[in-house]
Amino acid sequence: MDPVIDRYARRASPRYTSYPTAPHFGKEVDETCYRGWLADLDPSVPVSLYLHVPFCRQMCWYCGCNMKLAARYDPVADYARTLRKEIALTADALPTRMTVSHLHWGGGTPTALSPDDLAVLMGDVRARWDFAPDAEIAIESDPRTLTPEMAARIGALGFTRASFGVQEFNMKVQKAINRVQPPAMVRDSVEQLRAGGVSGINFDLIYGLPYQTVESLVETVKISAGMRPDRVALFGYAHVPWMAKNQRMIDTDTLPGAEERAAQASAAAEALAAEGYVAIGLDHFALPDDELAIAARDGWLRRNFQGYTTDQAETLIGIGATSIGRTPAGYLQNIAETGAWVRAVEAGHLPIAKGRAFVGEDRLRAEVIERLMCDGHVDAAHIGAKHGAPLDWWHDAAEGLAEMQADGLVCVRGGQVTMTDRGRPLVRLAAAAFDIYLADSTARHSVAV
């Protein structure tokens, strides 16, 4: 491995699905603040919705999400009833009935809901919001528990995209992360959804897992490509057992080191390219005719809490325990603990736990970081001028990028910052140079590669 890349790859940095990042959210954003933000929305501008279901029927040891094991359905049914009330509370707080351009169900595993409960909830959403004719309606699923009935219902409810956490097909790796799902099981789920009318299929793959090798991951890519998902996300496993207690089930001695992680990421990217996929941003891939590939090619790719997206909405309304949202005024996050979330909603409150209002140069730096993360290039001077900032507004970032430029990882010239081919996997570190809050943060982040 290139010793320079190896040195940088060991450094930690945020994933920059938002700026400021979540560790900087605080209690100053509360329900009253959020209601004001919602009331001030422009009714003519579409919004996006995110609905969170924190339940899974089986525990995955690698998972870092806020989730609960649903050994019985009663807690899930109770959650669904409260979710209906939050949908109504949120819609009532808007200035008028608004249009949705994107809807995403995440978790946990949203398909832990029963087909009937999912249908009721989708009925509530459609009763309170209009949908754009080309709206993307997406749901995350688990092939280990997806039933033919649920697959058919997802299609009947108008979902246009479904995502699967494939991660890795090697059986030794699957057992080590407690997620056993043979290729035939995943293929059946994909075929059932496509037969039901769901045209878009996403796969998530992970490198850096226990016992994983370059060879096993490349084989996983080949098997996955045979099912022809439209999009593939290739994430590095973030081992954060201080946050995700289930990760303590993973023996750290079985995890690949930084050099092996980088080799896995590079080999998987090459294998995906050989299968006809186009690289999107840092860690996504898509078939050339997919809208995500078109957005990347034409310069309108975006990045939000779900990763790279075609979603152009400036407002993302989060509903459900721990969900995160954004308005033009700032970010907000719901209460994470489901019991406290239930009590707040049942009392008629929007269950806001914390957030962050945009101040100072936040919007400017957020746009620069997003463009760099999406395009691998940004004209910092041009964006600064658009925001009314002085020409040298980014002198601190230029100093932060000096080491990477000296090592041939980034080119800084005349206000423009461009990742080199060699440095592109380290774009998170380049983005961090524009983050004025990072130096004072005590948050722990995953390694850059």
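P115 makes contact (heavy atoms within 4.5 Å) with E149, M150 and R153, leaving aside its neighbours within four places in sequence. P115 and R153 are 38 residues apart in sequence, and their C-alpha atoms are 6.3 Å apart in space. P115 belongs to helix 4. Helices (H or I, at least four residues) and strands (E, at least two) are DSSP runs, numbered from the N terminus. P115 is buried because its relative accessible area is 12%. Buried means under 20% relative accessible area, exposed over 50%, and partly exposed in between, with a 1.4 Å probe and protein chains only.

This is a predicted model, in which local features need pLDDT of at least 70, side-chain atom pairs count only at pLDDT 80 or more, and totals for chains, interfaces and linings use all residues. Residues are numbered from 1 along each chain as its sequence is written, and side-chain values use heavy atoms, with hydrogens and water left out.

Helix 3 covers residues 74-92. At 1.5 Å a residue, its 19 residues should span 27 Å, and its end C-alpha atoms are 28 Å apart, which agrees. The expected span is 1.5 Å times one less than the number of residues. Its buried residues include V76, Y79, T82 and E86.

Helix 3 and helix 4 (residues 115-128) pack at an angle of about 5°, with axes 10 Å apart. That makes helix 3 roughly parallel to helix 4. Angles under 35 degrees count as roughly parallel, over 145 as roughly antiparallel, 65 to 115 as roughly perpendicular and the rest as oblique. Axes are lines fitted to C-alpha atoms, for helices over the stretch in contact, and angles run from 0 to 180 degrees between N-to-C directions.

Among the residues that meet are A77, L83 and I87 in helix 3 and V120, L121 and D124 in helix 4. By class, the contact has nine nonpolar, no polar and five charged residues. Ala, Val, Leu, Ile, Met, Phe, Trp, Tyr, Cys and Pro count as nonpolar, Asp, Glu, Lys and Arg as charged, and the others, Gly among them, as polar.

**Two cores**

In soluble globular proteins, nonpolar side chains tend to be buried together. A nonpolar core is a set of buried Ala, Val, Leu, Ile, Met, Phe, Trp, Tyr and Cys residues joined through side-chain atoms within 4.5 Å. The largest core has 80 residues, of which L103, W105, L118 and W129 touch the most other members. Helix 3 gives the most to this core, with seven residues. L118 is in contact with W105, I139 and F159, among others, leaving aside neighbours within four places in sequence. Apart from this core lies another, of 41 residues, including L292 and W393.

S224 is found in helix 8 (residues 214-226). S224 counts as buried, at 3% relative accessibility. Not counting residues up to four places away in sequence, S224 touches V166, F169, F203, L205 and P229. E260 sits in helix 9 (residues 258-274). At 30% relative accessibility, E260 counts as partly exposed.

| Residue | Phi | Loop |
|---|---|---|
| Y211 | about 65° | between strand 7 (200-207) and helix 8 |

Y211 counts as partly exposed, at 40% relative accessibility, whereas T322 counts as buried, at 14%. A cis peptide bond joins Y19 and P20, with omega about -5°.
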